[in-house]
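Colleague: I am new to this one and would like to learn how to read its features. Could you walk me through it, please?

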Amino acid sequence: MEALGCSKTALFYQISSFFFCLLLSFALCEDFEYPYVTCGSVVKLLNTRNNVRLHSHDVKYGSGSGQQSVTAVDSSDDTNSYWAVKGKADKPCVRGTPIKCGQTIRLMHTTTRRNLHSHYFQSPLSRNQEVSAFGTDGLGDIGDYWAVTCSGTYWERDDMVRFKHTATDMYLHITGDTYGRPIHGQREVCAYPKPDSGNFWRVMEGVFIKPTETSSGGKR
């Protein structure tokens, strides 16, 4: 009887897990994963060489542009490290459609609703090109545009990719330089003039929006 009770318990948890996956629909369970990064997904991005996540906060640079600073942090559970994947302002992508390799996107910081941005200012530590967060409620300018550089047809969640700033042809990068106060221990994020191991990024935690029939021709 005890073995029968255990098997019933195991069956109950299997059925519960199935319905939990079914209710989520956001690719958070293995059986329901979708392999691509899609428009509208909210993700954390890991710099693979330095093992830190792209981050921002309402702290302004004390030099350069004076805009909101962008850094990288060791923590995997910091809520200020989420970025929403969006299309260009004049050419929005359809929610749930896979992002193509070479496609130009925006990355909006979800907490402050400012876009990942770069421009011709020097970064504070390495003196490369500054990367900031810019705009109001997701509206900025052409300095917010980044081309996803990857080798296949679509940006896959397991891919190591680069982000090339379309206005200046520089790559989103981490040198390893570390800030002191008031953001002690956080790494400098900058833009770098050439492909390098310091500008590889990979998607980690997030909410991944799946295609609908309308956006993908029937795929779910």
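Modeller: Let's start with one cysteine: cysteine 39 has a relative accessible area of 6%, so cysteine 39 is buried. Buried means under 20% relative accessible area, exposed means over 50%, and partly exposed lies in between (1.4 Å probe, protein chains only). Do keep in mind that this is a predicted model, where local features need pLDDT of at least 70 and side-chain atom pairs count only at pLDDT 80 or more, while totals for chains, interfaces and linings use all residues. Residues are numbered from 1 along each chain as its sequence is written, and side-chain values use heavy atoms, with hydrogens and water left out.

Colleague: How many disulfides does the structure hold?

Modeller: A disulfide is a pair of cysteine sulfur atoms within 2.5 Å. The structure holds 2. In one of them, cysteine 39 and cysteine 93 have their sulfur atoms 2.1 Å apart. Their link is right-handed, with 75° about the S-S bond. Cysteine 39 sits in the loop between helix H1 (2-24) and strand E1 (42-47), and cysteine 93 in the loop between E4 and E5, so this pair ties together parts 54 residues apart in sequence. Helices (H or I, at least four residues) and strands (E, at least two) are DSSP runs, numbered from the N terminus.

Colleague: Is cysteine 93 buried or exposed?

Modeller: Cysteine 93 counts as buried, because its relative accessibility is 18%.

Colleague: And what is the handedness of the link of cysteine 101 and cysteine 150?

Modeller: That link is left-handed, with -115° about the S-S bond. The pair joins distant parts of the chain, 49 residues apart: cysteine 101 lies in the loop between E4 and E5, and cysteine 150 in the loop between strand E8 (146-149) and strand E9 (162-165). Cysteine 101 and cysteine 150 are both buried.

Colleague: Where does threonine 97 lie?

Modeller: Threonine 97 is in the loop between strand E4 (83-86) and strand E5 (104-109). A polar atom of its side chain lies 2.6 Å from the backbone oxygen of valine 94. Threonine 97 also counts as buried, because its relative accessibility is 17%.

Colleague: How many bridges join E4 to E5?

Modeller: Two strands pair if DSSP finds at least two bridges between them. E4 and E5 run antiparallel and are joined by 4 bridges; alanine 84 stands opposite methionine 108 in E5. E1 and E4 also pair in the antiparallel sense, over 2 bridges, and valine 42 has alanine 84 in E4 as its bridge partner.

Conventions
A polar contact is a pair of N or O atoms within 3.5 Å; within protein, one must be able to donate a hydrogen and the other to accept it, and residues adjacent in sequence count only if both atoms are side-chain atoms.
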